[in-house]
Amino acid sequence: MSADFIWNVRVYYEDTDAGGIVYYANYLKFFERARTEWLRALHVNQHNLLAEHDTLFVVKSVSAEYHAPAKLDDELKLTVSIEKIGRASIVFQQEAWRGETLLNTARVKVGCVDSALRPRAVPAIVADKMRHTTKTD
């Protein structure tokens, strides 16, 4: 499990379906939290990004594959890795693990936009921080 960032999360009752298994859409929430915490670890404040650079990140596309179920009270390890940093987008590879068991993999493309939702370049200061922490670019 090679990753640029790892974030742990516990599965709560609210995350599960009637069968006690994590509801499929909640992996997207978990992955979103991991990316947000990764930005925090890079000292990228999203409020400041908007205020100072008129920049927001929005999810453009997601592809996910489910390998095994997570259940109530499981502790999950969520990974964040950058596949590519483009001019106005970032492609992430993310995984959810329970111990040594791979539960979910996702490819998430995030676009960089201004407050009017027009595409804009990823601010250089942010892209530099991202490149500095990634194993591959």
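## Aromatic pairs

The count of aromatic pairs comes to 5, where rings of Phe, Tyr and Trp (its six-membered ring) pair if their centres lie within 6.5 Å. Planes under 30 degrees apart count as stacked, over 60 as edge-to-face and the rest as tilted. The centres of the Phe5 and Trp7 rings are 6.5 Å apart and the planes stand at 10°, so this pair is stacked. Phe5 has a relative accessible area of 15% and is buried, whereas Trp7, at 32%, is partly exposed. Here buried means under 20% relative accessible area, exposed over 50%, and partly exposed in between (1.4 Å probe, protein chains only).

Tyr27 and Phe30 form an edge-to-face pair, with 6.2 Å from centre to centre and 80° between the planes. These two residues are 3 apart in helix H1, which separates them by about one helical turn. Both names belong to buried residues: Tyr27 has a relative accessible area of 3%, and Phe30 has 0%. Together with Tyr66, Tyr27 and Phe30 make up one aromatic cluster.

## Basis of the model

The model is predicted: local features need pLDDT of at least 70 and side-chain atom pairs count only at pLDDT 80 or more, while totals for chains, interfaces and linings use all residues. Residues are numbered from 1 along each chain as its sequence is written, and side-chain values use heavy atoms, with hydrogens and water left out.

## The sheet

An open sheet of 5 strands runs in the order E1-E3-E4-E5-E2, with antiparallel pairing. Its edge strands are E1 (5–10) and E2, each of which pairs on one side only. Neighbouring strands are turned by 25° against each other on average, direction ignored; the axes are lines fitted to C-alpha atoms, for helices over the stretch in contact, and angles run from 0 to 180 degrees between N-to-C directions. Strands (E, at least two residues) and helices (H or I, at least four) are DSSP runs, numbered from the N terminus. Two strands pair if DSSP finds at least two bridges between them.

E2 and strand E5 (residues 101–113) are joined in the antiparallel sense over 10 bridges. Ser63 has Arg107 in E5 as its bridge partner, and Val58 stands opposite Gly111 in E5. E4 and E5 also pair in the antiparallel sense, over 10 bridges, with Arg98 opposite Thr101 in E5. The hairpin formed by E4 and E5 has 2 residues between the strands, and Gly99 in the turn has a positive phi of about 60°.

## Helix H3

Helix H3 covers residues 124–133, and Val126, Ala127 and Met130 in this helix are buried. Seen down the axis of H3, the buried residues fall within an arc of 95°, so they line one face of the helix; the arc is that of the directions from the helix axis to the C-beta atoms. On the face turned away from the buried side are the exposed residues Ala124, Ile125 and His132.

The buried residues of H3 pack against helices H1 (26–41) and H2 (46–53) and against strands E2 (56–66), E3 (75–85) and E4 (89–98). Contact means heavy atoms within 4.5 Å.

## A charge over a ring

Arg35 lies over the face of Phe92, at 5.9 Å from the ring centre. A charge sits over a ring if NZ of Lys or CZ of Arg is within 6 Å of the ring centre and within 35 degrees of the ring normal.
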